[in-house]
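Here is a short note for your review, in numbered points.

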Amino acid sequence: MMRRRDLLLWPAAAVLQAGAADEERIWKDYLAWYRKQPLSTDLRAAWRRHLEAAGVDRAEIERRARLVERLSRQRRDELQPLFFDRTYAAAQPRFNTAPNELLVETVRHLAPGRALDIHMGQGRNALFLAARGWNVTGFDYSEEGVRAARKAAAKAGLKLNALAARHEDFDFGRQQWDLVLMLYTWVPLGSAYPARIVDSLRTGGVLVFEHLMEETGSERAAPWLPRPGELPRIFSRLRVMRYEDTRRAADWSWRPERVARLVARK
């Protein structure tokens, strides 16, 4: 027999369950709408206009807007692949489509071997290496980016192992790679992944890293942005051949940015 206390708790549990289901429905609706938006869209304003056109009243629009803003922070991992799908499908690229300059300079005197391109996007760097005789594996969680990389490799007659995967799921292995690229990746630097990446390098293997830097000092800053002087410490198991903290043109910005660049050997 159900006790009186259980009878009292049941309606509250039912309300919570219904609320969670409502949040999930709104979030899924937002994601379906989001993936179709052009990159230049003011998403907040466009989402409100979308709801207005659907006949949603003002109070409910504000409720859904607050909900989406909260879930966008909490579920960033769900939004990021969709953002980069939109980015790589855009007619006008918002990033440098040529091979990374630091990579070009670094491999000039390296003999081709096995290379890993982490978060390779459309494969601009992976294809550059493949054209120079490297055996290249690249992965990205944007299926649109991986599709573009495979298409470009096929068109150029290049061999490229391009995988749709997240760094959380990818098997980096041990002593596998002669060259690892971390060029504008989203690998959290304060996590276990940098150590796994170092483990995956063969003895004598080289890591090439470049990214925008974290300058705000905020605890909520993106965890994949290096702070000043941080990279040599994070990769202290490697011999640093080159480290730069410089303001320069960046592959993922339309203006000069503070950029961290590292080349290190195992």
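**Pockets and salt bridges**

1. Start with the second largest pocket, whose lining is made up of Y30, L43, R44, W47, R48, A65, V68, E69, S72 and R73. Two elements give two or more residues each to this lining: α2 (43-53) and α3 (58-74). The largest share, five residues, is from α3. Keep in mind that this is a predicted model.

2. The space in the second largest pocket is about 240 Å³. By class, its lining holds five nonpolar residues, one polar and four charged.

3. Two residues of that lining, R44 and E69, also form a salt bridge, with their closest N and O atoms 3.2 Å apart. This pair links distant parts of the chain: E69 sits in helix α3 and R44 in helix α2, 25 residues apart. How exposed is each partner? E69 counts as partly exposed because its relative accessibility is 35%. R44 counts as exposed, at 56%.

4. The largest pocket holds about 920 Å³ of space. Its lining has 24 residues, and F83, F84, R94, W186 and W224 are the closest to its centre. At least two lining residues come from each of α4 (76-89), β5 (201-212) and β7 (257-265). The largest share, six residues, is from α4. The lining divides into 14 nonpolar, four polar and six charged residues.

5. How many salt bridges does the structure hold? The count is 26. Side chains of opposite charge can pair when their charged atoms come close.

6. E144 is partly exposed, at 26% relative accessible area. R147 is partly exposed too, at 46%.

7. D199 and R174 also meet in a salt bridge, at 3.5 Å from N to O. This pair links distant parts of the chain, 25 residues apart: D199 is in helix α8 (residues 193-200), and R174 is in the loop between β3 (161-164) and β4 (177-183). Buried or exposed: which is D199? D199 counts as buried, because its relative accessibility is 18% and the cut-off for buried is under 20%. R174 is exposed, with a relative accessible area of 63%.

8. Finally, a network. Salt bridges link D22, R25, D29, E60, R63 and R64.

Notes: Residues numbered from 1 in each chain as written. Predicted model: local features only at pLDDT ≥ 70, side-chain atom pairs only at ≥ 80, totals over all residues. Heavy atoms only, no water. 1 Å grid on protein atoms, 1.4 Å probe; cavity = no way out; pocket = protein on both sides within 12 Å on 5 of 7 lines; lining within 4 Å. Points joined across faces, edges and corners; volume = space filled by probe spheres on them. Helix = DSSP H or I, 4+ residues; strand = E, 2+ residues; numbered from the N terminus. Nonpolar A, V, L, I, M, F, W, Y, C, P; charged D, E, K, R; others polar. Salt bridge = Lys/Arg side-chain N within 4 Å of Asp/Glu carboxyl O. Buried < 20%, exposed > 50% of the residue type's maximum accessible area, 1.4 Å probe, protein only.
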